[in-house]
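Okay, thanks for coming, everyone. Let me put the structure up and walk you through some of its charged side chains.

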Amino acid sequence: MPTEHREPAGVTVVIPCRNEAEALPAVLAALPAGYQPIVVDNGSTDDTAAVATGYGARVVTEPRPGYGAAVQAGIAAARTELVAVLDGDGSMDPGELPRLVAEIRAGADLAVGRRRPVSGGIWPWHTRLGNRVVARRLRHRYGLPVHDIGAMRVAPRRRLESLGRLHDRFGYPLELLVRAAAAGWDVREVDISYRARAGGRSKVSGSARGSLRATRDFLAVLR
Ligand SMILES: Nc1nc2c(ncn2[C@@H]2O[C@H](COP(=O)(O)OP(=O)(O)OP(=O)(O)O)[C@@H](O)[C@H]2O)c(=O)[nH]1
Ligand SMILES: [Mg+2]
């Protein structure tokens, strides 16, 4: 697309956050030089927004609840050629983003991380099993080369926008992959390290309620 050449080069890092004031400082401090953070605050009742501003991030507020709503608000606010998305809980290392960006520069349309736990006991077995089942479906039914649901990802901003509105809650990462497959995108998976969250509380895998919600959203996309 010729318009891509006129956009500011660089990478915007969208960080969806609900109550991540404890974990966010280390995430922002670990961003590679030149990567510009947008923290999307979505219903936080802690100091997430103030902490983000204090560490130099731009803050976007999204009133609609949900992970997907937050991510899409961040993408809409980004102006750079590339957009990365990662969690604000310290479980992923922003220092690994350049390896995903390199895949895009080498021609991929979407680069996703395959989470590799750095030690035992980080990833509850039920979440891991669920992810494995979902990833198998993505490989077999959609022909995607993935073993995880792409929780950390990089893509050209225009590509993401071309897909239109996607799922507002936890179905977002999966719907993105399914739509990318349908559109014939070159999707590549890269190993990334996965750690325990650095502080704060889990919204998904750490509780039965969160896991059930995520499963419901996953099934809605993979129906
Ligand atoms: N903006 C926004 N962010 C959310 C919402 N729910 C979760 N998040 C963020 O999405 C990311 C992933 O959520 P987590 O709670 O870490 O989910 P998880 O990785 O399954 O759970 P952990 O085991 O605790 O890491 C975090 O950065 C959350 O703050 C939401 O409704 N809105
Ligand atoms: Mg997490």
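Start with aspartate 217: it's buried, at a relative accessible area of 5% (buried is under 20%, exposed over 50%, partly exposed in between, with a 1.4 Å probe and protein chains only). Aspartate 217 pairs with arginine 216 in a salt bridge, closest N and O atoms 3.2 Å apart; by that I mean a side-chain nitrogen of Lys or Arg within 4 Å of a carboxyl oxygen of Asp or Glu. Arginine 216 is partly exposed, at 47%. Elsewhere, Glu20, Asp89 and Arg197 are joined into one network by salt bridges that share partners.

Quick caveats: this is a predicted model, where local features need pLDDT of at least 70 and side-chain atom pairs 80 or more, while totals for chains, interfaces and linings use all residues. Residues are numbered from 1 along each chain as its sequence is written, chains are lettered from A and ligands numbered from 1 in the order written, and side-chain values use heavy atoms, without hydrogens or water.

How many salt bridges does the structure hold? There are 14. One of them joins arginine 116 and aspartate 191 at 3.3 Å. Those two sit 75 residues apart, in strands β5 and β7 (strands are DSSP E runs of at least two residues, numbered from the N terminus). Arginine 116 is partly exposed at 36%, and aspartate 191 is too, at 38%.

Then there's arginine 165 with aspartate 168, a salt bridge at 2.6 Å, N to O. Arginine 165 is partly exposed at 44%, and aspartate 168 is partly exposed at 24%.

Methods:
Helices (H or I, at least four residues) and strands (E, at least two) are DSSP runs, numbered from the N terminus.
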